[in-house]
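Please keep the sequence and the model in view while reading.

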Amino acid sequence: MHRIRPFRSLTAAGLSLAGLLSLTGLAGTAVADDDMADAKYAAGTAFTLPGARAFPEGIAVDGRSGDFYVGSYATGAIYRTPAGQKTAEVFLPDGTDGRTTAAGLKVDGAGRLWVTDPKGVMVYDLATRKRVAHFTVPAPEVSLLNDLDIAPDGTAYVTDSYLAVVYRVTPAQLQTAIGAGGNGGTLTTAYNLTGVIPPQPAKTVTLNGIEADATGSYLITVDSAGGGLYRIDLKTGAMQKVTGTVSLKYGDGLHLESGRVWLAHYGNDTLSRLRLNADATSFTVERQVVDATLEMPTTLVRRNNHLYVVRSQFDKMAGGTAELPFTIADVTGF
């Protein structure tokens, strides 16, 4: 059974602000709650994943059907949970098309599932489960593909955590790949943030979660190592740090909606909710929660006022005993 461990809210009474900020590694600012602050935080289980080696990383939801898709970083298997069900099923077995790991996932509006592994992007038709396109990184020996998002115009943006670049796959490039039997060639670099984010040693995980805003005007991405949030203007190409007084270190998957950012921090079992200003050039922290039951959360999706958070248990992948079954958290009140 899944063992429940305690959580701490950064706005809970009886705990000093300094102690809470030290606990999360986010010291340096007060936490400002807003109209959602009175909601009671709770983290249950949305659904379970089969197998003893799932170690999930990415999650996506099909906006049309409500089905959830989760990828295994340890094996590359993709799981599907039909809307309303509590147990996932294997959708694509491990090793499918040579894939032995899976990171970022996204379902586009045409019913295709996008999956990143460290060295490439695969696109699957959900109806047939067939791979319709495959794109590879230009320099696989030094790259680590991580997360991705689909902008309103259908363009996919993918982060490379080692090179601190964002790749782009346009709808035209996707259709060309489909017409060529799936071969999309190498990914195209759209934005290089190496001169924008703080420098790091080689093969450090930097750019991680990424989201496009609803108007298709900009991207938001987080630097896990440096703790910064960054804005990329899709019209001008300008790249800048989103100013804020809190470090977002360990920031991983994120969700952007109506001027708010929900962010999972894998290194300290933390969830953050940020409020962006009107042009998304600065943020304030509305709320943060430290919850050990999230078990190293890597990413999340938001649907019907619920957050579905991946409990990765990555700290047990190299050794130790994972708590079975692997689960996806259902977080309310946040």
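Which residue forms a salt bridge with Glu 257? The partner is Arg 302, and the closest N and O atoms of the pair are 3.1 Å apart.

## Basis of the report

This is a predicted model, in which local features need pLDDT of at least 70 and side-chain atom pairs count only at pLDDT 80 or more, while totals for chains, interfaces and linings use all residues. Residues are numbered from 1 along each chain as its sequence is written, and side-chain values use heavy atoms, with hydrogens and water left out.

## Salt bridges

A salt bridge is a side-chain nitrogen of Lys or Arg within 4 Å of a carboxyl oxygen of Asp or Glu. By this rule the count comes to 11 salt bridges. Glu 257 belongs to strand S20 (residues 251-257) and Arg 302 to strand S24 (residues 297-303), so their pair ties together parts that are 45 residues apart in sequence. Strands (E, at least two residues) are DSSP runs, numbered from the N terminus.

Arg 260, Arg 273, Arg 275 and Glu 286 are linked in a network of salt bridges. At 29% relative accessibility, Arg 275 is partly exposed.

## An open sheet

Four strands form an open sheet in the order S3-S4-S5-S6, with antiparallel pairing; two strands pair if DSSP finds at least two bridges between them. Strand S3 (56-61) and strand S6 (89-92) are the edge strands, each pairing on one side only. Strand S4 (residues 68-72) is joined to strand S5 (residues 78-81) by four bridges. In S5, Ile 78 is the bridge partner of Gly 71.

## The largest nonpolar core

A nonpolar core is a set of buried Ala, Val, Leu, Ile, Met, Phe, Trp, Tyr and Cys residues joined through side-chain atoms within 4.5 Å. The largest has 18 residues, and those touching the most other members include Phe 47, Phe 68 and Ile 328. Strand S2 (42-49) gives the largest share of this core, three residues.

Note on methods. Buried means under 20% relative accessible area, exposed over 50%, partly exposed in between (1.4 Å probe, protein chains only).
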